[in-house]
Amino acid sequence: MQLKNIRMPLFVIATLLFGLKTYFVYRFMFDLSIENPMQEFILLFNPIASAYLIFAISVWLQPKRQMKYLRWTILIGSLILFVNLIFYRNFTDFITIPVLFQGNNAADLTGSFLTLLHIEDLLIFADVALVWYLSKHKFGLSVQLPKRGKIAATAVTFLLLSGNVVLAEIERPMLFVRAFDREYLVKNIGVYNYHLYDATMQTKTKAQRVFADGSEISEIETYLEENSPDEVNKKADLYGIAEDKNVIFVSVESFQNFLLDSKVNGTETTPFLNDLKESKDTIFFKNFYHQTAQGKTSDSEFIVENSLYPLGRGAVYFTHAGNEYNALPEILNDEGYETSVFHANNGSFWNRDTMYDNIGYDEFYDEKSYQVTPENSFGWGLEDKAFFEQSIKYMQSQEKPFYSKFITLTHHFPFELPEEKANIDKFDSNSKTLNSFFQTARYTDEALQQFFQQLKDAGLYKDSIIVLMGDHYGISDFHNEAMGQFLGKEVDPFVQTQLQRVPFMVHIPGYEGGGVREDVVGQIDVKPTLLHLLGINAGGDMTFGDNMFAEDGKDFIAMRDGSFISEEYLFTNEQCYDRATGELLAEEETEACQPIKEKVEKELNYSDNIIYGDLFRFYDFDSSSE
């Protein structure tokens, strides 16, 4: 049949083309996990329903405007899909409105963006080209309906959307109430309806601060007193061992525990860190989890500084940098510490210059403080070895004691390293990202070894404790096939959650009681732990974490998507596992996870309310500590 004889309206053709294209992208490019036939059906149904919603509006327009509307809406819709795909490849997550307002970060993402492009991405725009071609007047694919026909076409929209919502609620009850996991939202209502939902949530959260009155603070305070019993105990393990010492805190970019003790072609990836974690003056928490969300490194900073959870949407550093907090640097300032941050990147990246000032940092040494040349920079900027070397002079000029946070850059996606600087082979898999991951990790390991020696040479080592922490994952589940090859086993949800463990080491020069600790802990616990080591009583603080050395600390670590890890169980993707064996518990046994699951949901909501409502402006930390 010749194209000129086609009489199906273009808005119907566009609906089918766009809906099937979107399903194909969901299924084979996002690679969304499908657990049952109902999910498969919904994944096919919701993009067609969403496409019809958008394209059916055209029936109310005159033929010329109708064609113009269809051309531009299918292009814009495809661009939205494409941008989400690129974002997902990097973060295994979907874009939220707060993330869009982080656009000034984009200038630093050029190299990463090019790495994330695939040749098959051109298929996303194939239907766009066809619809633009068919929209020409000669094909006569516009439609002119009587008013009753227009109303009927619109009514089908509501029928399809209602059907989508009903199916989604059957598949995932209370989907919109427990929306911690954006992937479940997209699988059930589609990426376009997800963005409408996100816009609604953005409006709601903006209004939350306006109407907040602080009445909820007492409820949260009571919960924390009952469930995070981090009472100051001067007889507890290591209390005050670092009193009046300097604290050097190194946030190691994208470092995960699986790097430790690993080898590529017989060569150790992290020889220095391997030795450090086994030394007598280092305490290594092997079950320490990062708890970041969309804010990645800035989220890890926020969690460590405040012992609050990150937001599920966007980065607190951007969305709520003007809130009242009782952050770690503020507390240390009151105790006579000089506080500083060292990061050889643009000072406005992640809105750090604004946030650091608000939470009490005295100095921020950003890229303007360093001599960055083509010879000492690659990837995201100044290489770690030059970064640490150039930082020493600033550390020596600080008043003692000081708290200095360092944020490394070299081991950052897309993990680029000049060949002449690589001292380990690339891994051999189908993932370029994982293959390069080991080389940049080795380089950062060498930089840390050099840094320790520089601290000794500068006379700063003995009077300091040095804390090393991986800030978040570097290898997302988009690379699970390659990770499975490296690990020698399938990366299922249990293994994927265990891969969220990152290094956390407390190095105390002269201390001989170090060793490996098995406790389940996370970034939420860092603030109360550091205060414990420094012998600082912040009894009036409000934190969701506990001192890692406490005997009766909280018995779980919560992730932003509602997953959790406890001493006995690991809960993820609505499934409960035995943490010791990794075995999925039978359905009748999953009730064991329910009490902790309820606590996790309550804590995430309480933390969100503190941030969205800026509730600490109603709380007097000084009087509470008396």
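Predicted model: local features only at pLDDT ≥ 70, side-chain atom pairs only at ≥ 80, totals over all residues.

Is Met-8 buried, partly exposed or exposed? I looked up its relative accessibility and got 39%. Buried would need under 20% and exposed over 50%, so Met-8 counts as partly exposed.

**Entry: around the start of the chain.** I found Met-8 in the segment before α1. Together with Leu-16, Leu-20 and Leu-44, Met-8 makes a nonpolar surface patch of about 320 Å².

Next I checked helix α1 itself, which runs over residues 10-28 and has 19 residues. From its first C-alpha to its last it reaches 26 Å, close to the expected 27 Å. I also listed its buried residues, and among them are Leu-10, Phe-11, Phe-18, Lys-21 and Tyr-26.

Entry: What does its side chain meet? I found a salt bridge between Lys-21 and Asp-127, at 2.7 Å from N to O. That pair links distant parts of the chain, with Lys-21 in helix α1 and Asp-127 in helix α6 (residues 126-134), 106 residues apart. Asp-127 is buried too, with a relative accessible area of 6%.

Entry: How many salt bridges does a search of the whole structure find? I got 19.

I picked out Glu-301 and Lys-405, whose side chains meet at 2.6 Å, N to O. Glu-301 sits in helix α11 (residues 296-306) and Lys-405 in strand β10 (residues 402-407), so this pair ties together parts 104 residues apart in sequence. Glu-301 is buried at 3% relative accessibility, and Lys-405 is buried with a relative accessible area of 3%. I then saw that Glu-301 and Lys-405 belong to a network of salt bridges with Glu-305 and Arg-352.

I also noted Lys-385 and Glu-446, with their closest N and O atoms 3.0 Å apart. This pair links helix α15 (residues 384-396) to helix α16 (residues 432-457), 61 residues apart. Lys-385 is partly exposed at 22%, whereas Glu-446 counts as buried at 13%.

**Entry: charge on the surface.** Last, I looked at a patch of negative charge, where Asp-334, Glu-335, Asp-620 and Asp-622 gather. Glu-335 is in the loop between α13 (328-334) and β6 (338-342), and I have it down as partly exposed, with a relative accessible area of 45%.

Definitions and conventions: Residues numbered from 1 in each chain as written. Heavy atoms only, no water. Patch = residues over 30% accessible without salt bridge, like charges linked within 9 Å, V, L, I, M, F, W, Y side chains within 5 Å. Areas by Shrake-Rupley, 256 points an atom, 1.4 Å probe, with all protein chains shown as cover. Salt bridge = Lys/Arg side-chain N within 4 Å of Asp/Glu carboxyl O. Lys, Arg positive; Asp, Glu negative; His and termini not counted. Charge placed at Lys NZ, Arg CZ, Asp CG, Glu CD. Helix = DSSP H or I, 4+ residues; strand = E, 2+ residues; numbered from the N terminus. Buried < 20%, exposed > 50% of the residue type's maximum accessible area, 1.4 Å probe, protein only. Expected span 1.5 Å × (residues − 1).
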